[in-house]
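Welcome! Try each task yourself before reading the solution.

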Amino acid sequence: MYPIVEARMSNDQWEKVELWMDFLNDHFVQTQQVRSIGPFLQLCRKGSQLQSSNSKWMKYMLEFLPHSYAALSEHYINEQRYKDWADLQIYMGRKPEDFKANELQVIEKHAPSALLPMYHQAIEISIHSRNRQGYRTAAKHIKKLHSLYEQLEKPHVWKSYFDLMQSRYNRLRAFQEELLKGKLL
């Protein structure tokens, strides 16, 4: 069935493609057998590339989260939709430390502003862990956030964020020590 749908995509027979994909989508929804969803997601990605104006392809991939996470994440990177990629990571609860350094470098180079919410969330989560390792991780993320704001040439935003965070968490002695160790104070 998948080769037939792919052939229809290649021949620009989009009405037939949509009928087949609707059928397959209904099958996965009804049977809840998402282990074999890989080829379906590949067709969704191809459809999204060939017919970017049709939001149906993205809708299918989003419907099958978390099973479609890897395919959707890779698709966003390949399509250079970095803000959508970052939103997906936040939605899935991924933090910057979950990635290898080179994975984030691509996004940092092309769209550093897309990473800001991810780092802000990771900092808050790390601080709320209320332990030394969490504070150390938060300090590391704060340093990275500082460099992102510098890259975006927004030092005033960084200063106001850091001052607000300082006043909010000034009673956490261990956190303040980690900020000192990280040369942030």
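**Exercise 1.** How many residues has the largest nonpolar core, and which have the most contacts inside it?

*Solution.* Keep in mind that you are looking at a predicted model.
- Step 1: The largest nonpolar core has 55 residues.
- Step 2: Those with the most contacts inside this core are Met21, Phe40, Trp85, Ile127, Ile142, Met165 and Phe175.
- Step 3: Pick Met21 and look around it. Leaving out residues up to four places away in sequence, Met21 touches Val5, Phe40, Leu43, Cys44, Trp57 and Tyr60.

**Exercise 2.** Find the largest pocket and describe its lining.

- Step 1: The space in the largest pocket comes to about 230 Å³.
- Step 2: Its lining consists of Pro96, Glu97, Phe99, Lys100, Ala101, Leu104, Gln105, Glu108, Tyr119, Lys140, His141 and Lys144.
- Step 3: Sort these residues by kind, and you get five nonpolar, two polar and five charged.
- Step 4: Now turn to the helices. Helix 7 (101–110) and helix 9 (132–151) each supply at least two lining residues, and helix 7 gives the most, with four.

**Exercise 3.** Which element gives the largest share of the lining of the second largest pocket?

*Solution.* 
- Step 1: The second largest pocket holds about 190 Å³ of space.
- Step 2: Lining this pocket are Ser73, Glu74, Ile77, Asn78, Trp85, Arg94, Asp98, Phe99, Glu103, Val106 and Ile107.
- Step 3: Helix 5 (69–78) and helix 7 are the elements that give two or more residues to this lining.
- Step 4: The largest share, four residues, comes from helix 5.
- Step 5: By kind, the lining splits into five nonpolar, two polar and four charged residues.

**Exercise 4.** Is Pro112 buried or exposed, and what is it in contact with?

*Solution.* 
- Step 1: Locate Pro112 in helix 8, which covers residues 112–128.
- Step 2: The relative accessibility of Pro112 is 9%, so Pro112 counts as buried; the cut-off is under 20%.
- Step 3: Set aside its neighbours within four places in sequence. Pro112 is then in contact with Ile107, Leu148, Gln151 and Leu152.
- Step 4: Take Leu148 from that list. Pro112 and Leu148 are 36 residues apart in sequence, while their C-alpha atoms are 6.2 Å apart in space.

Definitions and conventions: Residues are numbered from 1 along each chain as its sequence is written. This is a predicted model: local features need pLDDT of at least 70, side-chain atom pairs count only at pLDDT 80 or more; totals for chains, interfaces and linings use all residues. Side-chain values use heavy atoms; hydrogens and water are left out. On a 1 Å grid over the protein atoms alone, a cavity is a set of points where a 1.4 Å probe fits but cannot get out, and a pocket is an open set with protein on both sides within 12 Å along at least five of seven lines; lining residues have an atom within 4 Å of a point. Grid points are joined across faces, edges and corners, and a volume is the space filled by probe spheres set on the points. Ala, Val, Leu, Ile, Met, Phe, Trp, Tyr, Cys and Pro count as nonpolar, Asp, Glu, Lys and Arg as charged, and the others, Gly among them, as polar. Buried means under 20% relative accessible area, exposed over 50%, partly exposed in between (1.4 Å probe, protein chains only). Contact means heavy atoms within 4.5 Å. A nonpolar core is a set of buried Ala, Val, Leu, Ile, Met, Phe, Trp, Tyr and Cys residues joined through side-chain atoms within 4.5 Å.
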